[in-house]
Amino acid sequence: MRSSWLNKLWMIFGPKPPVSWLILSVISVLALITVFGSSSSNAIDSSPRRPASLIYTNYRRIKERVAVDYLELKSVSSGGARQRELGLCGKERENFVPCHNVTANLLSGFEQGEELDRHCQVSKEDERCLVRPPKEYKIPLRWPSGRDIIWSGNVKITKDQFLSSGSMTKRLMLLEENQIAFHSEDGLIFDGVKDYSRQLAEMIGLGSDTELSQAGVRTILDVNCGFGSFGAHLLSLKIMAVCIAAYEATGSQVQLSLERGLPAMIGNFIARQLPYPSLSYDMIHCAQCGIIWDEKDGKFLIEVDRVLKPGGYFVLTSPTSKLHGSLREKKRITLNPMEELTQQLCWTLLAQQDETFIWQKTADLECYASRKQHAIRLCKDGDDPQSYYQPLVPCISGTSSKRWIAIQNRSFDSELSPAELEIHGVQPEEFYEDMNFWRSAVDNYWSLLTPLIFSDHPKRPGDEDPLPPYNMIRNVMDMSSNYGGLNAALLEEKKSVWVMNVVPARASNALPLILDRGFAGVMHDWCEPFPTYPRTYDMLHANGLLSQFISERCSMIDLFLEMDRILRPEGWVIFSDTVATIEIARTLATQVRWDARIIDLQNGSDQRLLICQKPFLKK
């Protein structure tokens with residue numbers, strides 16, 4: 001957005017002003033920077049001194065405003081025309097999820113469930129447009145109210161689908177025409193989610209579910225999670241539960257969970273590995289998830305074993321309503337193949353109660369040597385590559401990893417011990433330096449998340465903008481996470497957020513470290529769309545990602561379009577990068593219709609921040 005005085009000059013001289021006037025303007029701008037910079041610094045010095053860590057303060061000073069307008073003048077003098085804003089997509093793409101075009105997948109020959117899988121090479125879109133929100137869309141309620149009540153117009157589920165959904169009506173309650181409420185005791189599993197959680201803890205041998213984290217269970221992968229009620233309860237116990245479910249055109253489990261502010265992403269057990277490294281989760285939970293685990297020669301269960309940590313748990317709950325014949329006969333038919341597979345995987349059946357079974361993965365490597373002949377083989381080093389949607393493997397992974405440590409012997413908090421850091425090849429000094437950096441950065445980031453930054457309303461030098469409330473944002477994505485420092489700092493500051501820590505596929509792979517800290521994380525190639533629904537994140541953060549992206553094979557405008565797709569209206573984007581890269585990003589932000597401001601860090605470096613906010617486009 002141009003300043004008012006720049007608009008007037010633009011009208012007088014037209015889109016390409018005379019060169020002599022531009023030279024005079026540049027000289028005047030530089031003089032203004034000097035004058036206002038001097039007076040501004042004097043004004044600041046006369047006010048109470050602030051901590052040195054507040055390096056982003058006073059970002060609305062006149063000096064910066066002049067500098068920003070100077071960048072616009074420079075782009076005009078070079079003869080570059082301003083980029084046109086991109087148009088809006090049609091109504092049919094309001095809930096558009098790239099790479100999941102079922103019709104195109106079928107036409108390409110994918111079948112037996114693979115048509116529901118992710119195929120980016122099949123469904124590549126040529127049209128560049130902004131995915132608009134539905135007409136009935138409303139800004140989500142703030143956490144924790146938004147956990148229990150969502151706007152029905154924000155998710156793709158009609159009233160008729162809602163009323164005819166069978167078991168869903170037992171879990172959901174329609175308060176009004178435009179709201180869906182989730183019961184705290186929603187009957188998800190028989191006697192309620194709290195009773196169910198307590199039952200699982202007792203089956204493991206604990207007194208209550210409050211002891212789960214002490215027993216090493218800090219992260220849970222919830223397969224086909226319903227609408228996230230189990231995960232919502234676990235978050236109250238400070239356990240990170242991530243929902244994965246296949247793409248669904250309507251009534252999506254992932255979309256509903258994210259709308260509630262609960263961690264979730266599209267993923268499935270069909271033909272390829274999940275985008276997680278080996279030994280990622282402490283527990284994998286399947287309650288009425290509909291997967292036949294012994295199909296495809298047990299490859300689905302082998303994939304569970306791959307991402308499960310040593311000493312971790314696999315929980316399987318079968319629906320009573322789907323049993324055929326006597327209960328005893330059904331158990332015998334179902335569990336014989338499972339018993340054989342779990343024995344080959346060195347799992348122990350800890351407990352069985354009603355229709356719930358809990359197995360524990362061995363932490364003893366000697367178990368694999370003592371198995372019967374013709375058991376599932378161990379993967380060789382070359383059989384266990386970096387897991388980014390690789391084909392499912394028929395072998396047991398992770399047994400040669402330095403991370404083969406029982407969950408009961410791991411750190412209970414996110415600050416890993418020096419010995420654990422050494423396993424990941426990270427020096428403690430480097431790790432703690434990274435933590436201190438993000439502690440300072442988060443303090444300053446938060447002060448920038450206010451609409452006043454885009455206001456032209458004047459204020460006195462040295463005045464502080466009011467800080468946003470602690471629960472202003474909920475779903476955060478760190479698009480280029482290093483060690484999860486942003487995640488840790490936000491939690492230390494008691495912000496009501498969870499963070500999806502994304503490790504770019506071509507970056508140094510710190511995802512195992514992030515997961516070992518108890519955080520949500522995933523590997524992703526940013527040349528492809530992210531596996532989520534539109535409008536599912538409140539804030540996106542990219543530190544250095546754009547500089548890396550410039551050398552990639554794909555277009556940066558496609559990255560901005562994807563960010564716009566997954567960002568909710570009135571959501572925020574924070575870029576941190578070099579001056580040259582930030583200037584490019586500011587132009588692209590204009591094309592996707594974001595409000596944007598460049599923030600000078602004022603620390604002598606060539607790094608700048610670009611703070612953007614997505615508008616609520618209602619037409």
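## A covered helix

Let's start with helix α9, residues 229-236, which is mostly covered: six of its eight residues are buried. Here, buried means under 20% relative accessible area, while exposed means over 50% and partly exposed lies in between, using a 1.4 Å probe and protein chains only. Helices (H or I, at least four residues) and strands (E, at least two) are DSSP runs, numbered from the N terminus. This is a predicted model, in which local features need pLDDT of at least 70 and side-chain atom pairs count only at pLDDT 80 or more, while totals for chains, interfaces and linings use all residues. Residues are numbered from 1 along each chain as its sequence is written, and side-chain values use heavy atoms, with hydrogens and water left out.

Which residues of α9 are buried? They are Ser229, Phe230, Gly231, Ala232, His233 and Leu234. What covers these buried residues includes α5, α8 (193-204), β4 (219-223), β5 (240-245) and β7 (281-287); such contact means heavy atoms within 4.5 Å. After α9 comes Lys238, whose phi is positive, near 65°.

Now follow the chain to β5. Six of the six residues of β5 are buried, so this strand is largely enclosed by the rest of the structure. In a regular strand the side chains alternate between the two faces of the sheet. Both faces of β5 are covered: Met240, Val242 and Ile244 are buried on one side, and Ala241, Cys243 and Ala245 on the other.

β5 runs parallel to β4, and five bridges join the two; two strands pair if DSSP finds at least two bridges between them. Thr219 stands opposite Met240 in β5. β5 also runs parallel to β6, this time with three bridges, and Cys243 stands opposite Ala264 in β6.

Two right-handed β-α-β units can be traced here: β4, α9 and β5 make one, and β5, helix α10 (residues 253-259) and β6 make another. A crossover is right-handed if, with the strands pointing away from the viewer, the path from the first strand over the helix to the second runs clockwise.

## The sheet around β5

These strands belong to an open sheet of seven strands with mixed pairing, in the order β6-β5-β4-β7-β8-β10-β9. At the edges stand β6 (264-266) and β9 (347-353), each pairing on one side only. On average, neighbouring strands of this sheet are turned by 20° against each other, direction ignored. For such angles, axes are lines fitted to C-alpha atoms, for helices over the stretch in contact, and angles run from 0 to 180 degrees between N-to-C directions.

β8 (residues 308-317) and β10 (residues 356-361) run antiparallel and are joined by five bridges. Val315 stands opposite Ile358 in β10. Helix α11 (residues 295-307) packs on the sheet, touching β7, β8, β9 and β10, and its direction makes about 135° with that of β8.

## Another seven-strand sheet

Look next for the open sheet of seven strands with the order β13-β12-β11-β14-β15-β17-β16, which also has mixed pairing. Why is one side of β13 and of β16 left without a neighbour in the sheet? β13 (520-524) and β16 (595-600) stand at the edges, and each has a single partner strand, so one side of each has no neighbour there. The twist averages 20° from one strand to the next.

Within this sheet, β11 (residues 475-478) and β14 (residues 537-543) run parallel and are joined by three bridges. The bridge partner of Val476 in β14 is Met539. Helix α19 (residues 556-566) lies across β11, β14 and β15 (567-578), running at about 140° to β15. Helix α20 (residues 579-591) packs on the sheet too, touching β15, β16 and β17 (607-613), and its direction makes about 160° with that of β15.

## Nonpolar cores

In soluble globular proteins, nonpolar side chains tend to be buried together. A nonpolar core is a set of buried Ala, Val, Leu, Ile, Met, Phe, Trp, Tyr and Cys residues joined through side-chain atoms within 4.5 Å. The largest one has 100 residues, of which Tyr276, Trp293, Phe314, Phe560 and Phe575 touch the most other members. α19 gives this core its largest share, seven residues. Apart from it lies another core, of 24 residues, among them Val442, Ile473, Val497 and Leu609.

## Two buried loop residues

Cys120 lies in the loop between α4 (102-107) and α5 (145-148), and is buried, with a relative accessible area of 16%. Leaving aside neighbours within four places in sequence, Cys120 is in contact with Cys99, Glu528 and Pro529. The C-alpha atoms of Cys120 and Glu528 are separated by 7.1 Å, although these residues are 408 residues apart along the chain.
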